[in-house]
Each structure stands twice: as C-alpha cells, then as structure tokens.
Amino acid sequence: MKYIVCYSGGHSSAIVAVEAVRRYGRENVILLNHDICSRVEDVDIKRVKREVADFLKVPITPANMPGWEEKDQFDIAFEARYLSGWGVPGGAICTTRLKTEPFRRWLAENFPASKDNPCREAVVLYGFDPKEVNRMRRRAAIMREQGYFVDFPLLWENRTIHEIEEIGIKRPSTYALYNHANCKGCLKAGAMHWYVVYCMEPEIFEKAKATERILGRTIIKGKPLGLLEVEKYEPMKRAGVTPAEMDSPQTFWARVRSQLAEYEAAMPCECTE
Ligand code: SF4
C-alpha cells in the first residue's frame with residue numbers, strides 16, 4: 001500500500017508527511033506536489049517543501065501543469081478567458097489547471113481506478129484541520145466517486161508531531177502575513193487577503209486589477225479591486241492598519257473600523273475660516 005501525501009509546502013501538509021512516514025515507513029510514502037510559479041508561491045514555501053522532504057529522505061514527486069514556471073493564476077485566467085472567483089460552479093480555474101488536472105492525470109497514470117473498480121494500492125492523505133469537517137466529507141465523497149480512498153492524519157488519535165519546528169524546521173515565513181500557504185493573490189480569497197496583497201505585493205495587485213478589467217469579472221463579489229483600493233485599502237493604509245491575515249475577518253474588519261475612526265478623529269479641522 002502506498003500513502004500519497006498531498007504535499008503543498010503548507011504547515012499541515014508537512015505535518016501529514018511526517019506522520020505518514022513515521023506510521024507507514026518512508027518507502028511507502030509519496031510526497032506529491034504541484035509546483036507553482038515563483039512569482040506567487042513564496043520562496044520560503046519552496047524551502048519548507050525541500051527541507052521536510054530531505055529530513056524524511058523521501059523525494060518530492062512532481063505533478064505539474066505544463067508551463068507552471070511562467071504562468072500564474074492570472075495568466076491562466078487570461079488564457080481561459082474566464083476568471084472564476086466567487087459564485088462560479090466548479091471553483092477557480094487556476095485550481096483546476098494547476099492542481100486538479102495534474103493530480104488526476106498523475107493518479108490515472110500511476111494508480112488507475114474508477115468508482116466500480118476502486119484503487120486498493122493507495123490511500124490519499126490530506127492535511128485538513130479537525131475543524132474542517134465539511135471539507136473532509138466533500139473531499140472523501142469526490143475521491144470515492146473516482147475510486148480512491150482517503151485519510152486525514154490530523155484526525156489521528158496517536159499524533160507524534162504538532163508543530164514542524166519539533167523536527168528543527170521553521171514553518172514558512174509567509175504565515176506572518178497569510179493564514180495559509182496558498183498563492184499570493186489567491187483568486188478564491190476575500191478582501192482581507194487582498195489588503196495584504198495590496199500593501200505587500202503591489203505588482204501582483206496590479207496584475208489582478210488588469211485581469212479583472214480585461215475579463216470583466218471581479219475576484220471579490222461585486223467589488224473590483226480598483227474600487228476597493230480607492231474606497232478601502234488606501235484609507236486603511238494611511239490609518240496604519242497592519243496588513244496581516246491573523247484574525248478572523250469579523251475581528252479584522254472591526255479593528256479596521258475602529259482604527260479608521262480614530263484616524264479621522266485625530267485629523268485637524270479643514271475649515272479655513
Ligand atoms: S491557491 Fe488560490 S490562486 Fe492558487 S491555485 Fe488555488 S485558488 Fe488559485
């Protein structure tokens with residue numbers, strides 16, 4: 001039996017890799033990765049992928065989209081003439097091209113299966129958090145339809161590791177800004193993520209604005225990034241709102257409101273007489 005870790009370079013997938021090797025042995029574990037263009041996948045995420053794989057002595061198995069080195073999520077959207085942010089069945093086109101299609105192709109080539117003839121030689125391991133019950137159910141159902149069994153090692157009772165620092169490897173530095181290891185400028189992300197991108201990654205922000213203009217769709221429901229920039233992000237930056245996805249959106253936006261109010265109150269009166 002082989003255990004295929006969906007290995008993204010995020011903290012959870014690194015923990016899953018360690019748990020899987022400790023439980024099943026390195027010869028039975030596959031670290032399957034979809035590499036992403038270095039403009040939008042941080043260099044430090046790539047470091048963590050390498051360091052954990054080296055520590056475990058398991059090679060990274062690539063399952064990449066052709067042209068992944070050059071094409072980011074916006075190039076993919078341009079090419080497809082389709083920007084799927086919100087409310088589009090099937091999800092973001094970038095996930096399909098960069099992850100889903102290469103994953104299915106790799107599985108079909110290496111562990112062919114179907115609903116009526118399920119794969120008995122491999123289990124796919126996901127790093128979903130114990131709180132993500134709905135995502136787990138959905139994922140298990142999708143994979144079952146395709147003939148694959150799944151497991152979620154972060155639910156295991158006898159866990160041997162909780163923080164990747166326990167094996168002397170630092171988690172990606174991007175967690176200081178973002179609450180996940182996804183692409184910078186994620187097409188599925190909300191306004192809090194895009195504020196961080198606006199402040200920290202101006203080139204990505206401009207490319208996202210251009211993508212919206214050309215394709216005539218918005219990434220965030222009903223709000224073009226250009227409008228958010230003028231109405232929200234510029235004033236937030238002026239008022240000194242820290243760009244980071246550390247809080248829940250509710251807490252973050254409550255803090256933004258209070259910081260903006262304080263900033264406005266501290267402004268000098270603009271009367272001339
Ligand atoms: S992380 Fe976001 S931008 Fe990257 S492929 Fe997934 S949905 Fe697209």
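Trainee: Which helix supplies the largest share of the shell around the ligand?

Mentor: This is a predicted model, in which local features need pLDDT of at least 70, side-chain atom pairs count only at pLDDT 80 or more, and totals for chains, interfaces and linings use all residues. Residues are numbered from 1 along each chain as its sequence is written, and side-chain values use heavy atoms, with hydrogens and water left out. Helices (DSSP runs of H or I, at least four residues) and strands (runs of E, at least two) are numbered from the N terminus. The largest share of the shell, 4 residues, comes from helix α4 (residues 93-110).

Trainee: How do the residues of that shell divide into nonpolar, polar and charged?

Mentor: The ligand is surrounded by Gln 73, Cys 94, Thr 95, Leu 98, Lys 99, Asn 182, Cys 183, Cys 186, Leu 187 and Lys 188, where a residue is near a molecule if one of its heavy atoms lies within 4 Å of it. Ala, Val, Leu, Ile, Met, Phe, Trp, Tyr, Cys and Pro count as nonpolar, Asp, Glu, Lys and Arg as charged, and the others, Gly among them, as polar. The shell therefore divides into 5 nonpolar, 3 polar and 2 charged.

Trainee: What pattern does the chain follow along the sequence?

Mentor: There are 9 helices and 5 strands in the chain. Its C-alpha atoms fill a box of roughly 80 × 40 × 30 Å, taken along the principal axes. Read along the sequence, the pattern is β-α-β-α-β-α-α-β-α-β-α-α-α-α.

Trainee: Is His 193 buried or exposed?

Mentor: His 193 has its place in helix α6 (residues 191-200). Buried means under 20% relative accessible area, exposed over 50%, and partly exposed in between, with a 1.4 Å probe and protein chains only. The relative accessibility of His 193 is 1%, so this residue counts as buried.

Trainee: Which residues does His 193 contact, leaving aside its neighbours within four places in sequence?

Mentor: Contact means heavy atoms within 4.5 Å. In space, His 193 and Ala 244 are 7.7 Å apart, C-alpha to C-alpha, although 51 residues separate them in sequence. The contacts of His 193, with those neighbours left aside, are Tyr 178, His 180, Cys 183, Lys 184, Gly 185, Cys 186 and Glu 245.

Trainee: Which helices do the buried residues of α6 pack against?

Mentor: Helix α6 is mostly covered, as 9 of its 10 residues are buried. Among them are Met 192, Trp 194 and Tyr 198. The buried residues of α6 pack against α3 (73-80), α7 (202-215), α8 (225-238) and α9 (249-266).

Trainee: Is Lys 57 buried or exposed?

Mentor: Lys 57 is found in the loop between α2 (43-56) and β3 (60-62). The C-alpha atoms of Lys 57 and Glu 27, 30 residues apart along the chain, are separated by 9.4 Å. With a relative accessibility of 59%, Lys 57 counts as exposed.

Trainee: What is the phi of Arg 81, which is not a glycine?

Mentor: Most residues other than glycine have a negative phi. Lys 57 has a positive phi, near 60 degrees. Arg 81 lies in the loop between α3 and α4 and counts as exposed, at 55% relative accessibility. Its phi is also positive, at about 55 degrees.
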